[in-house]
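Colleague: I have the model open and a few things to ask. Can we go through it piece by piece?

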Amino acid sequence: MYLCHLPTNTWSSSSFTACRLPSPSHLNSQLVSKGSEPSTCFLLLIHCPLVDAHQPKFEAVLSEVDILLNDLTFTISNLSSWMQPESASTNLATKLDDCFIRREPLGVVLIIGSWNYPLQLLLLPMVGAIAAGNCVILKPSEVSATTGSLVAELVPKYLSQECYAVIRGGAEETQELLKNRFDHIFFTGSKGVARSILQAASLHFTPVTLELGGKSPCVVYGPVNMTAAARRLVWAKFFNAGQSCVAPDYILCTSSTRDLLLPALKEALWEFYGEDPRTCPDLCRIVSPQHWTRLRALLEKTRGRIVIGGESDQEDKYMAPTVVVDVSEDDALMAEEILGPILPILSVESVEEAIALINRGQKPLALYVFSEESSVVKTVLEKTSSGGFCSNDGIVHMTLPSLPFGGVGASGWGSYHGRWGFETFSHRRACMLRGWALERFNTLRYPPYSDGKLGWLRWTTSAHSFLLVDVLFVLGNIS
């Protein structure tokens, strides 16, 4: 196990204590680059995705840097209000008490990142964790080695080594790390790894946030601007070569809609990536040989018909943007989240059939609907469940820091981004500050008991609105 900038190779969560940051300015000092090197840091950050997955600079800036900076700016701007005690409503028996909810840090949290967006999925939850006043241990994905090395170098350089550390390594090191007790574990990745994390966390009763993904469907139904829909679909699906947990995983549409959509998809792909996508600098590569092999196997197993793309090169880890039609619900492409540049299209006869197919599966991380009919959008929204929902576009809903990002059911537990990250890493402590006045009220709950006392006590503790005159009325009637 490689432990960045700690005195020994052994580590324990007891080495850290929660460090509530006193103000947004303190958060700013911890998270915004200090010194005279912000431009150098920016160049280093966008260089890593280029090395790890040949991701275009344009995509790297948007998905790894800007989304992080936007969330950071949003958090710093709003942290003062988030940290304020939240007043709680009272009943007649507590009318004169000061009742509020106080946000406090959980303690030491572990954040385990993923390979597909190795900076964003590691550092963005860290913003919420630091805002809430926690110490943080970061575990970058070993698949994205260049990014992991940079994080291990920059974190101790710009953040307090008393509160923040980076641990690198693979599955074996992660298992050793999980033997320690944490106050919260935040994991982004596969369901298989999530099960082992849950098992390890259960030994210490550690709460866990899981960002797992799943098969995010896209319903295309009714009148649709096919040109605009195809361009938005192609961008959302093949951004980062489809290696996005919120990418449209498959399309549900009628046969007639499919026949109109396919030419528009071909045109959009040609417009974006040219005649030979392999030579296009704007198309990412698959992150590793193992992931390329998995995707290639899916194409070989499918009973569907490849109508666009299908070409690949193992040595270059290249896979062309691919569209497959005549795909059935039990096809190999529908067995698991694709996480690659393969787009199956399933034919349905109605929007109700599409909804039924979606609801037969696990609840997805995202659900998309393309339609000019608001009734179609509303029907799908109301009759399905998913982590997020977006109509007539893809992915963009997760870029807004004012919206929570997270799954539901098998696609994840918990959420983050903006306020939601702060809440995830905060303990909401219920507080009641009482004085010594109105002791006569308390005689209602003291022995000896009576039906009369019980009646008065139930009334004073009920969830009705009361005025000070009611307090005086009760006091006047307590014998």
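Colleague: Where does P448 sit?

Modeller: This is a predicted model. In it, P448 is in the loop between α14 (439-442) and α15 (451-460).

Colleague: And what kind of peptide bond joins P447 and P448?

Modeller: A cis one, with omega at about 0 degrees. Most peptide bonds are trans.

Colleague: Where is H417, and is it buried or exposed?

Modeller: H417 lies in the loop between β18 (412-413) and α13 (419-424). Its relative accessible area is 3%, so H417 counts as buried, the cut-off being under 20%.

Colleague: What about phi of L339?

Modeller: Also a positive value in a residue other than glycine, near 50 degrees. L339 is in the loop between β14 (322-325) and β15 (342-347).

Colleague: Buried or exposed, L339?

Modeller: Buried, because its relative accessible area is 18% and the limit is under 20%.

Colleague: Which residues does D249 touch?

Modeller: Leaving out residues up to four places away in sequence, the contacts of D249 include L339, along with G214, K215, S216, K237 and L333. E336, E337, I338, I342, L343 and P344 are also among them.

Colleague: Where is D249 itself?

Modeller: In the loop between α8 (226-238) and β10 (250-253). D249 counts as buried because its relative accessibility is 3%.

Colleague: What lies 3.0 Å from a polar atom of the D249 side chain?

Modeller: The backbone nitrogen of I338.

Colleague: Changing topic: how much space is in the largest pocket?

Modeller: About 1100 Å³. The lining has 49 residues, and those closest to the centre are G189, S190, K191, L212 and E337. E337 is also one of the residues that D249 touches.

Colleague: Which helices and strands supply at least two residues of that lining?

Modeller: The helices are α6 (171-177), α7 (191-202), α10 (289-301) and α11 (351-360), and the strand is β7 (184-188).

Colleague: Which one gives the largest share?

Modeller: That is α7, with five residues.

Colleague: How many of the lining residues are nonpolar, polar and charged?

Modeller: The lining of the largest pocket has 20 nonpolar, 18 polar and 11 charged residues.

Conventions:
Residues numbered from 1 in each chain as written. Predicted model: local features only at pLDDT ≥ 70, side-chain atom pairs only at ≥ 80, totals over all residues. Heavy atoms only, no water. Helix = DSSP H or I, 4+ residues; strand = E, 2+ residues; numbered from the N terminus. Buried < 20%, exposed > 50% of the residue type's maximum accessible area, 1.4 Å probe, protein only. Polar contact = N/O pair within 3.5 Å; in protein donor to acceptor, adjacent residues only side chain to side chain. Contact = heavy atoms within 4.5 Å. 1 Å grid on protein atoms, 1.4 Å probe; cavity = no way out; pocket = protein on both sides within 12 Å on 5 of 7 lines; lining within 4 Å. Points joined across faces, edges and corners; volume = space filled by probe spheres on them. Nonpolar A, V, L, I, M, F, W, Y, C, P; charged D, E, K, R; others polar.
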